[in-house]
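Subject: Structure handover

Hello,

Here is the structure I promised to pass on. Please open it first, then read my notes below.

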Amino acid sequence: MLTKNQFVKKLAKKTGTSIAVSKEIVDNFLEAIQEAVYEDGGVSFLGLFKIAPEDVPERKGTIQIGEKKGQKYTIPAHKEVKATVSKGFRKSYEEVEVKFE
């Protein structure tokens, strides 16, 4: 898996721009995605992925370790950001044949 810096270098090479310019593009892209999730209810790239907040209902939990083990508590309702990979992208990835040499 690539780190952000490795991805920036790959983007710079692919686009013929400097690493600094590519880093700024990636940073702005990530910031725009965060803004879309918080302000617009998410973002969807058809054929690639969707990122959106989802409501998580209140639920009960049980403490598993420590002095209070077994004690029940309530996890309040909240929102979580969910990322979903598109079916087409997932399928194309699964179809890639892995060859060992």
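A polar contact here is a pair of N or O atoms within 3.5 Å; within protein, one must be able to donate a hydrogen and the other to accept it, and residues adjacent in sequence count only if both atoms are side-chain atoms. This is a predicted model, where local features need pLDDT of at least 70 and side-chain atom pairs count only at pLDDT 80 or more, while totals for chains, interfaces and linings use all residues. Residues are numbered from 1 along each chain as its sequence is written, and side-chain values use heavy atoms, leaving out hydrogens and water.

Start with Thr74. The side chains of Thr74 and Lys60 are joined by a polar contact of 3.1 Å. Thr74 sits in strand 4 (residues 72-75). Helices (H or I, at least four residues) and strands (E, at least two) are DSSP runs, numbered from the N terminus. Leaving aside residues up to four places away in sequence, Thr74 touches Glu58, Arg59 and Lys60; contact means heavy atoms within 4.5 Å. Buried means under 20%, exposed over 50%, partly exposed in between (1.4 Å probe, protein chains only).

Next, the strands. Strand 1 (residues 43-45) pairs with strand 2 (residues 49-56) in the antiparallel sense, over three bridges. Two strands pair if DSSP finds at least two bridges between them. Val43 faces Ile51 of strand 2. The two strands form a hairpin with three residues between them, and Gly47 in the turn has a positive phi of about 85°. Strand 2 also runs antiparallel to strand 5 (residues 78-85), with eight bridges. There, Val56 stands opposite His78.

Now the core. Which residues make up the largest nonpolar core? They are Ile33, Ala36, Val37, Val43 and Ile51. Helix 2 (residues 19-40) gives the largest share, three residues. Such a core is a set of buried Ala, Val, Leu, Ile, Met, Phe, Trp, Tyr and Cys residues joined through side-chain atoms within 4.5 Å.

Last, Ser86. It lies in the loop between strand 5 and helix 3 (87-94). Ser86 counts as buried because its relative accessible area is 18%. Its side chain reaches the backbone nitrogen of Phe89 at 3.2 Å. Ser86 also touches Gly47, Leu48 and Phe49, not counting residues up to four places away in sequence.

Best wishes
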